[in-house]
Amino acid sequence: MGDQLSEPRLVLVFSGKRKSGKDYVTHLIQERLGPDVCCILRLSGPLKQQYAQEHNLNLDQLLGPGPYKEQYRADMICWGETRRCQDPGFFCRLATRGASQPIWVVSDARRLSDLQWFWSKFPQQTLSVRVQCTEKTREQRGWRFTAGVDDAESECGLDSSVEFDWIITNEADAPSLDEQLQPILTLAKEAARSADL
Ligand SMILES: Nc1ncnc2c1ncn2[C@@H]1O[C@H](COP(=O)(O)OP(=O)(O)O)[C@@H](O)[C@H]1O
Ligand SMILES: C[C@@](O)(CCOP(=O)(O)OP(=O)(O)O)CC(=O)O
């Protein structure tokens, strides 16, 4: 029974390169909608939890935006890939377990199989959102190209296979995030209202 899903009204599945601002943008959405209406689900959450336990690491640090997780990223990718090969929906099921809010924001889809899982479970509700910015901006946020990470499926799996429902440009000289997010927020507020009816 633990895996039983409560049906969301809207599932916004975000993807983007590391340091594009997925966490930043999804937090902003949750702030605008409120935590009772909108939850943030991270596919990397249960992955990091299990990985930290098996390797005796600091989970809080692995979950944070600092350099700690980067030391382990390549190995976590391999570790997670073994699990996903056996069962592509493994982390999606764990990440969504117990989510009860009407709006779900999935902050870190990386592979087509992640999106396909949400499309198949919630075909009416799932919309895809890409967060993008230039490499220069990512570098200013601390990104450095790492072979085995930035050229692997974890970072490139959704580069060309998907037509996203929305693309958000998270750059200083782009329109403000509030402006770009307005259609998404409007839809989410309508979906949340319909859940109240
Ligand atoms: N629009 C923005 N304004 C200010 N800081 C930002 C913005 N977007 C991202 N950042 C910062 O850049 C860093 C990387 O963003 P993050 O959301 O963690 O990226 P990702 O989740 O895609 O790896 C974080 O420290 C975050 O606070
Ligand atoms: C092993 C990972 O789950 C690590 C993901 O960590 P984060 O989701 O924290 O990454 P960014 O936000 O892009 O910096 C990647 C994977 O391939 O599953």
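Helices (H or I, at least four residues) and strands (E, at least two) are DSSP runs, numbered from the N terminus. The expected span of a helix is 1.5 Å times one less than its number of residues.

This is a predicted model, where local features need pLDDT of at least 70, side-chain atom pairs count only at pLDDT 80 or more, and totals for chains, interfaces and linings use all residues. Residues are numbered from 1 along each chain as written, chains are lettered from A and ligands numbered from 1 in written order, and side-chain values use heavy atoms, without hydrogens and water.

**Stop one: helix H4.** Select residues 68-86. H4 has 19 residues and spans 28 Å from first C-alpha to last, close to the expected 27 Å. Now find Ala 74: H4 bends there by about 45 degrees (the angle between axes fitted to the seven residues ending there and the seven starting there). Which residues of H4 are buried (under 20% relative accessible area; exposed is over 50%, partly exposed in between; 1.4 Å probe, protein chains only)? Among them are Tyr 68, Met 76, Ile 77 and Trp 79. The buried residues pack against helices including H2 (44-55) and H6 (112-121).

**Stop two: strand E2.** Select residues 38-41. Cys 38 and Ile 40 are buried on one side, Cys 39 and Leu 41 on the other. E2 pairs with strand E3 (residues 103-106) in the parallel sense, over four bridges (pairing takes at least two DSSP bridges). Leu 41 stands opposite Val 106.

**Stop three: Ser 128.** Look in strand E4 (residues 126-132). Ser 128 counts as buried because its relative accessibility is 0%. Leaving aside neighbours within four places in sequence, Ser 128 has contacts (heavy atoms within 4.5 Å) including Val 13, Leu 115 and Trp 166.
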